Amino acid sequence: MTEMQHVEIATDGACKGNPGRGGWGVVLRMGGTEREISGSESHTTNNRMELKAAIEGLKALKRPCRVTLSTDSRYVMDGLTKWVHGWMKNGWKTADKKPVKNADLWFALLEAARPHQVQWVWVKGHSGHPDNDRADKLASDAATAR
């Protein structure tokens, strides 16, 4: 059996106004190879862009991998490690019985992560973490591009 390759993914989202024009950025690294991807939406929120970055980073992988995915978003981190199992058990309702916000993207993120072994890592944003800073710049540039 072939061992899965390890990939590091750093993600970030940005929004100019919240809601407003948004962007997402991703830095992927496997061995000595690096790739940057980004995109934007005209009317969105910061949380949606944080989710979109993680989704697009995982979707960029062509085969199942061991992934270390870093995010500076507590929303993404807590959603995946604390809240999602309760949401699924409660029919995609929060603890106070309201519909989960951004459910479409949570579904997409779970699907994108399914083939991989993902370790989710939270990093403090704007603290000098090189990959997070790169992902942040990609997201901000995408949000402001015309």
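My entries follow, from the whole chain down to single residues.

**Ground rules.** I am working with a predicted model, where local features need pLDDT of at least 70, side-chain atom pairs count only at pLDDT 80 or more, and totals for chains, interfaces and linings use all residues. Residues are numbered from 1 along each chain as its sequence is written, and side-chain values use heavy atoms, with hydrogens and water left out.

**Whole chain.** I looked up the elements and found four helices and five strands. These are DSSP runs numbered from the N terminus: helices are H or I with at least four residues, strands are E with at least two. Starting at the N terminus, the order reads β-β-β-α-β-α-α-β-α. The radius of gyration is 15 Å, close to the 15 Å that the globule rule gives for 146 residues, so the chain is as compact as a globular protein of that length. (That radius is taken over C-alpha atoms, and the rule is 2.2 Å times the number of residues to the power 0.38.) The C-alpha trace spans about 45 × 45 × 25 Å along its principal axes.

Next I checked burial: 47% of the 146 residues are buried. Buried means under 20% relative accessible area, exposed means over 50%, and partly exposed is in between, using a 1.4 Å probe and protein chains only. I also looked at contacts, meaning heavy atoms within 4.5 Å. Of those between residues at least 6 apart in sequence, 66% join residues at least 24 apart.

**α1 and α3.** How do the axes of α1 and α3 cross? Helix α1 (residues 46-59) and helix α3 (residues 103-113) have axes that come within 9 Å and cross at roughly 25 degrees. Axes are lines fitted to C-alpha atoms, for helices over the stretch in contact, and angles run from 0 to 180 degrees between N-to-C directions. The two helices are therefore roughly parallel.

On the α1 side, I noted Arg48, Leu51, Ala54, Ile55, Leu58 and Lys59, which meet Asp104, Leu105, Trp106, Ala108, Leu109, Ala112 and Ala113 in α3. By class, that contact has ten nonpolar, no polar and three charged residues. Here Ala, Val, Leu, Ile, Met, Phe, Trp, Tyr, Cys and Pro count as nonpolar, Asp, Glu, Lys and Arg as charged, and the others, Gly among them, as polar.

**α2 and α3.** The axes of α2 and α3 come within 12 Å and cross at roughly 95 degrees, which makes α2 roughly perpendicular to α3. Tyr75, Val76, Gly79, Leu80, Val84, Trp87 and Met88 of α2 touch Trp106, Leu109 and Leu110 of α3. I sorted these into nine nonpolar, one polar and no charged.

**What α3 buries.** Its buried residues are Ala103, Leu105, Trp106, Leu109, Ala112 and Ala113. They pack against α1, α2 (74-89) and β5 (117-122).

Which peptide bond is cis? I found the one from Asn18 to Pro19, with omega near 15 degrees. Pro19 sits in the loop between β1 (6-17) and β2 (20-30).

Lys97, in the loop between α2 and α3, has a positive phi near 70 degrees without being a glycine. Lys97 is exposed, with a relative accessible area of 61%. His126 is not a glycine but has a positive phi of about 55 degrees. I placed His126 in the loop between β5 and α4 (130-144), and its relative accessible area of 64% makes it exposed.

How values were computed
Angles under 35 degrees count as roughly parallel, over 145 as roughly antiparallel, 65 to 115 as roughly perpendicular and the rest as oblique.
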